[in-house]
Amino acid sequence: MSDPAFQRMSVEEYLRTEPDSPVKREYVNGFVYPLHGQAGTSDAHDSIVGNIFFRLFPLALAVGCRAYTSDMRVRSADGFSYFYPDTTVTCEPRQDDARFKVAPCILVEVLSKSTAHNDHNGKYHAYTALPSLQTYLIVEQTERRVYVYQREGPRWTMLEYAGSGQIPLPCLAAELSLDDIYDGVL
């Protein structure tokens with residue numbers, strides 16, 4: 001029996017089987033990885049994700065965009081990877097039957113021990129290759145700290161917010177505070 005954490009599959013097979021899969025799976029360059037921790041997400045992780053979505057949803061609607069929960073996939077720029085970010089904001093036209101987005105302007109990942117390395121490395125490279133992406137937030141759940149990657153022309157800059165602060169979100173013409181992110185958590 002093959003290791004389910006390292007299953008080879010075509011893009012077509014992944015897209016065909018993912019809707020009926022008993023667990024969410026990310027697809028990375030020909031391999032399927034079940035998302036660990038989905039059933040065991042911590043209270044802090046879920047609260048932080050909820051806080052971020054709750055704040056971004058009305059900001060996105062106000063400028064003609066949409067915010068999505070971790071149930072919406074994002075396709076990589078090369079089309080060979082699919083991820084489930086904790087929160088996605090996109091201004092691409094909404095389609096009722098869409099199962100993934102291709103042009104996010106904001107992506108958010110809330111760190112856990114099992115995902116931290118991938119969120120900082122593999123996903124960073126895949127996400128920042130998306131031409132539409134303007135902001136990638138990596139959010140700590142055990143301390144008030146957010147790593148903010150912002151596109152400035154062809155380059156990416158990283159700012160680290162600790163304790164407090166206002167994070168600019170250019171595609172929404174708004175800001176997100178650390179107080180809002182960690183409300184009721186830290």
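Reply: Helices (H or I, at least four residues) and strands (E, at least two) are DSSP runs, numbered from the N terminus. The model is a predicted one, in which local features need pLDDT of at least 70 and side-chain atom pairs count only at pLDDT 80 or more, while totals for chains, interfaces and linings use all residues. Residues are numbered from 1 along each chain as its sequence is written, and side-chain values use heavy atoms, with hydrogens and water left out.

Because its relative accessibility is 4%, Leu-111 counts as buried (buried means under 20% relative accessible area, exposed over 50%, partly exposed in between, with a 1.4 Å probe and protein chains only). Leaving aside neighbours within four places in sequence, Leu-111 is in contact (heavy atoms within 4.5 Å) with several residues, among them His-45, Ala-116, His-120 and Ile-138. From Leu-111 to Ile-138 the separation is 27 residues in sequence and 6.8 Å in space, C-alpha to C-alpha.

The strand β9 is itself mostly covered, with seven of its seven residues buried. It belongs to an open sheet of six strands in the order β4-β7-β9-β10-β11-β12, with mixed pairing, where two strands pair if DSSP finds at least two bridges between them. The edge strands are β4 (66–68) and β12 (155–162), each of which pairs on one side only, and the twist averages 15 degrees from one strand to the next.

Moving along the sheet, three bridges join β4 to β7, which run antiparallel, and Tyr-68 stands opposite Thr-88 in β7. Four bridges then join β7 (residues 87–90) to β9, also running antiparallel, and here the bridge partner of Thr-88 in β9 is Leu-107. Between β9 and β10 there are five bridges and the strands run parallel, with Ile-106 standing opposite Thr-135 in β10.

Helix α2 lies across β4, β7, β9 and β10, running at about 165 degrees to β4 (axes are lines fitted to C-alpha atoms, for helices over the stretch in contact, and angles run from 0 to 180 degrees between N-to-C directions).

Phe-53 and Phe-57 form a tilted one, 5.5 Å centre to centre with 45 degrees between the planes (rings of Phe, Tyr and Trp, its six-membered ring, pair if their centres lie within 6.5 Å; planes under 30 degrees apart count as stacked, over 60 as edge-to-face and the rest as tilted). Both lie in α2 (residues 43–62), four residues apart, about one turn of the helix. Phe-53, at 24% relative accessibility, counts as partly exposed, and so does Phe-57 at 25%.

Tyr-136 and Tyr-149 form a stacked pair, 6.0 Å centre to centre with 25 degrees between the planes. This pair links distant parts of the chain, with Tyr-136 in β10 (residues 135–139) and Tyr-149 in β11 (residues 145–152), 13 residues apart. Tyr-136 counts as buried because its relative accessibility is 0%, and Tyr-149 is buried with a relative accessible area of 11%. Together with Phe-83, Tyr-124 and Tyr-127, Tyr-136 and Tyr-149 form one aromatic cluster.
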